[in-house]
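Hi,

Here is the structure I promised to pass on to you. Have a look at it first, and my notes on what turned up follow below.

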Amino acid sequence: MDDNGPPSTAETSDSPDRCATCGTSLDPGSWHPTVGYTDSDGTYRIVRFCSDACHHEWRTSREETGDP
Ligand SMILES: [Zn+2]
C-alpha cells in the first residue's frame, strides 16, 4: 500500500491560497480577484485577493510606493 502518496502540494505553487493584502485564507473552489505581475527581479508572480477592496488596496499601495 505504498500508492497512497500525500496530497499534491506542488501543483498549486503559483496559485496563492491567501489574500496578498490581509492574509485571509481563500477557498480554492471560489473565484477571487487574481493579478499577475512582474517583480523587480523580473520574476513573474501571481497574487490573489479575498475581495475587490483588497485588490484595490494592493494596487494603490504599489502605485504609491512607486518603482525607481
Ligand atoms: Zn483580503
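Two strands pair if DSSP finds at least two bridges between them, and helices (H or I, at least four residues) and strands (E, at least two) are DSSP runs, numbered from the N terminus. Please bear in mind that this is a predicted model: local features need pLDDT of at least 70, side-chain atom pairs count only at pLDDT 80 or more, and totals for chains, interfaces and linings use all residues. Residue numbers start from 1 along each chain, as its sequence is written.

The overall layout comes first. The protein chain has one helix and two strands, in the order β-β-α along the sequence. Strand 1 (residues 34-38) and strand 2 (residues 44-48) run antiparallel and are joined by five bridges. T34 stands opposite R48 in strand 2. Five residues lie between the strands of this hairpin, and G42 there takes a positive phi near 90 degrees.

Next, the inside. A residue is buried if 20 or more other C-beta atoms lie within 10 Å of its own, exposed if 12 or fewer, and partly exposed in between, with C-beta atoms placed from the backbone. Of the 68 residues in the protein chain, 10% are buried. A nonpolar core is a set of buried Ala, Val, Leu, Ile, Met, Phe, Trp, Tyr and Cys residues joined through C-beta atoms within 7 Å; the largest one here has five residues, C19, A20, F49, C50 and C54.

For contacts, two residues count if their C-beta atoms, placed from the backbone, lie within 7 Å. Beyond its neighbours within four places in sequence, C19 is in contact with T24, L26, R48, F49, C50 and C54.

L26 may also interest you. This residue is found in the segment before strand 1 and counts as partly exposed because it has 19 C-beta neighbours inside 10 Å. Not counting residues up to four places away in sequence, L26 touches D17, R18, C19, H32, R48 and C50. L26 and R48 are 22 residues apart in sequence, with 8.4 Å between their C-alpha atoms.

Finally, a word on pLDDT, the predictor's confidence in each residue, from 0 to 100. The mean for the protein chain is 82, and 74% of its residues reach 70 or more. Among the elements, strand 2 has the highest mean pLDDT (93) and helix 1 (residues 52-65) the lowest (89). Over residues 7-12 pLDDT stays under 50, and the model has zero contacts beyond four places in sequence for them.

Best wishes
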